[in-house]
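Biologist: I've got this fold open on my screen and a handful of questions. Please walk me through them one by one.

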Amino acid sequence: MDNIPHIKKLAEYIKPISILSPSSFLNSKKGCMLYTILSKSVPYSLKTPPTSNAILGTISHKMLELRRLGFINSREEFKLKWKELIQEKESEIKAQFPTLKNLILADFKLCNEIWNIAQSITPEVISGSQYGQSNPFGPEKKVKLGNILIGHIDSVSSLSDGAEIIDYKTGKVHDEFGNIKEEYITQLSLYALMFEETFGIKVQRLAIIDRNSNYYTINRLPVNKDDVLSNAQSLINNINFKTTSEPIDLCSANENCKFCNCRHLCPSFQDGADSSQIIKGKLVAIPNMNVAIVETNSGRKFINGFDTLDIDLHQYLNKTIIFLNLFVRNNLPLTICSNSLIFIED
């Protein structure tokens, strides 16, 4: 087995930022400034792996892009490419997270649903630089606003009087009241502004296509360019100011922290998490090849299950070790399970 991933101390990841993604900007009020920084600074291999839904969403978007570009023209081609992308992602994650055992990405229902969407897309066989960045139409179009906001639109189609922006959603499109989620409407309205600024073409229609091939048109919200740029710059300035403050206070701990793939670096999450979410401490003893004793802020913890891992614990003695997703039941010792992730802090 490869060595357990080594991470740095939090302060080494704190860097000034100058650019925001649309999602970082739109989620700034309810989101987390620390995550905005860490998501840009921490290497992918040192974050926790994305959820299976997030991975499948990324693969689904890639499949639709390949269909649009004319690389997939039959159900058989679609299934083969889907399987290939799934296997690539599984191999990548297994190599980066050797303690993670239960990664399962096979979702044949979703595969069939995305194929149904793909069938509605007319393939446009490419040649040369037809779909280079200078062409405003096609899949995965990069757009920006000033030098502050940069993002990618799933797909842009040409209309007789302008453009249509299409966003593919593999999750729930509606809120509990049956309305299109407000954040999606705001996101698409911002993308429309960014597209017009990037390419100088009027956006006449906004649309969402969900995993069941339902097509929804979206009423565009008025988004003022100057206000967006001013608010984005203020957010960047606020984040960068706080990175130079002592103590650094950037985390807005909330119920979404458990989904953050930088949570193992965050002191606020570590302080507020229970023992099933995270254990951090110095590895002080190894009674046998199954058990490790870790000295934490709340006392010594016994952790079982190392005999399921092909790893020599002795190389990590007196190192700070971080465990996520341990198995907990009543008063039994904490145990490594198929969901567990382990990091070593240098």
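**Rings, helices and strands**

Biologist: Which residue has the ring that the charged end of Lys169 sits over?
Modeller: To count, NZ of Lys or CZ of Arg must be within 6 Å of the ring centre and within 35 degrees of the ring normal. Here the charged end of Lys169 is 4.1 Å from the ring centre, and the ring belongs to Tyr184.

Biologist: Before we go on, what pLDDT do side-chain atom pairs need?
Modeller: Residues are numbered from 1 along each chain as its sequence is written, and side-chain values use heavy atoms, leaving out hydrogens and water. This is a predicted model: totals for chains, interfaces and linings use all residues, local features need pLDDT of at least 70, and side-chain atom pairs count only at pLDDT 80 or more.

Biologist: Within what arc do the buried residues of H4 fall?
Modeller: Buried means under 20% relative accessible area, exposed over 50% and partly exposed in between (1.4 Å probe, protein chains only). In H4 that gives Phe78, Trp82, Leu85, Ile86, Glu90 and Ile93. They line one face of the helix, because the arc they fall within, seen down the axis, is 135°.

Biologist: Which helices do those buried residues pack against?
Modeller: Contact here means heavy atoms within 4.5 Å. By that test, the buried residues of H4 pack against H3 (52–68) and H5 (108–119).

Biologist: How many residues apart are the partners in the pair of Phe78 and Trp115?
Modeller: Rings of Phe, Tyr and Trp (its six-membered ring) pair if their centres lie within 6.5 Å, with planes under 30 degrees apart called stacked, over 60 edge-to-face and the rest tilted. The whole structure has five aromatic pairs. Phe78 and Trp115 have ring centres 5.3 Å apart and planes at 55°, so they are tilted. They link distant parts of the chain, with Phe78 in H4 and Trp115 in H5, and the separation is 37 residues.

Biologist: Where do Phe195 and Phe199 lie?
Modeller: These two make a tilted aromatic pair, 5.0 Å between centres and 45° between planes. Both are buried. They are four residues apart, about one turn, in helix H6.

Biologist: On to strands: which residue in S10 is the bridge partner of Lys282?
Modeller: Two strands pair if DSSP finds at least two bridges between them. S7 (278–288) and S10 (320–324) pair in the antiparallel sense over five bridges. In S10, the partner of Lys282 is Thr320.

Biologist: And which residue in S8 stands opposite Asn288?
Modeller: S7 and S8 (291–296) are antiparallel too, over four bridges. They form a hairpin with two residues between them. Opposite Asn288 stands Val291.

Notes
Arc of directions from axis to C-beta.
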